[in-house]
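User: Can you take me through this fold? I'll ask as we go.

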Amino acid sequence: MSRKLQALAISAALLAGGLGTAQAASSKAKAKPAVTRTKSNPNSLISSSASIPPGSTIIYLSGSTASPIDPAKPEELGDTRQQTLNILTKMKAQLESLGLGMGDLVKMNVFLVGTPENGGRMDAPAMNEVFKTFFGTPEQPNAPTRSTVQVAALGRPYVLVEIEGIAAKAP
């Protein structure tokens with residue numbers, strides 16, 4: 001084979017290899033699967049559905065209740081607003097310790113006890129007020145799907161709120 005033909009063969013091989021690399025880079029640039037959320041109302045506080053792609057990491061968070069405001073007074077947990085803030089702050093720290101964030105929550109179940117001050121009804125507006133500071137913000141726009149249920153009581157006296165969650169991180 002002449003030197004010219006060898007040079008052409010090498011050039012062709014390099015060019016083909018370069019194209020293959022460009023095609024591989026293009027494939028890598030394609031969007032990776034992501035958790036997708038839909039809202040039936042754009043102003044809704046929660047998503048109406050969430051779809052988790054195959055291969056995602058899924059984390060189940062047990063139901064959590066508020067910690068006492070003062071550990072020396074275990075019965076002082078605060079009102080619905082304070083308890084919700086305490087629980088969501090703990091959930092945020094737990095998720096961060098796992099390399100996740102509040103935006104990775106795809107499903108939450110909230111259990112609220114009715115109070116005499118609220119005519120025996122749950123204080124969902126107070127819970128939602130705190131919820132809005134963790135979800136659907138400019139810093140963290142994702143909103144999980146959620147169920148909120150009024151219950152007669154929870155595991156300990158003075159507990160007004162319990163929240164559990166499911167987080168998912170796409171591959």
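**Contacts and fold**

Analyst: Of the contacts in the protein (heavy atoms within 4.5 Å) with a separation of 6 or more, 73% are between residues 24 or more positions apart. This is a predicted model: local features need pLDDT of at least 70, side-chain atom pairs count only at pLDDT 80 or more, and totals for chains, interfaces and linings use all residues. Residues are numbered from 1 along each chain as its sequence is written, and side-chain values use heavy atoms, with hydrogens and water left out.

User: How many helices and strands does the protein have?
Analyst: There are 3 helices and 6 strands, taken as DSSP runs numbered from the N terminus (helices H or I, at least four residues; strands E, at least two). Along the sequence the pattern reads α-β-β-β-α-β-α-β-β.

User: What's the strand order in the open sheet?
Analyst: The 4 strands run β3-β6-β4-β5, with mixed pairing; two strands pair if DSSP finds at least two bridges between them. β3 (57–64) and β5 (145–151) are the edge strands, each pairing on one side only.

User: And β4 with β6, parallel or antiparallel?
Analyst: Antiparallel, over 7 bridges between residues 105–113 and residues 161–169. Met-108 stands opposite Gly-165 in β6.

User: Which strands does α2 touch?
Analyst: Helix α2 (residues 80–97) packs on the sheet and touches β3, β4 and β6. Its direction makes about 30° with that of β6; axes are lines fitted to C-alpha atoms, for helices over the stretch in contact, and angles run from 0 to 180 degrees between N-to-C directions.

User: Switching topic: what share of the residues is buried?
Analyst: 30% of the 171 residues, where buried means under 20% relative accessible area (1.4 Å probe, protein chains only).

Methods:
Buried means under 20% relative accessible area, exposed over 50%, partly exposed in between (1.4 Å probe, protein chains only).
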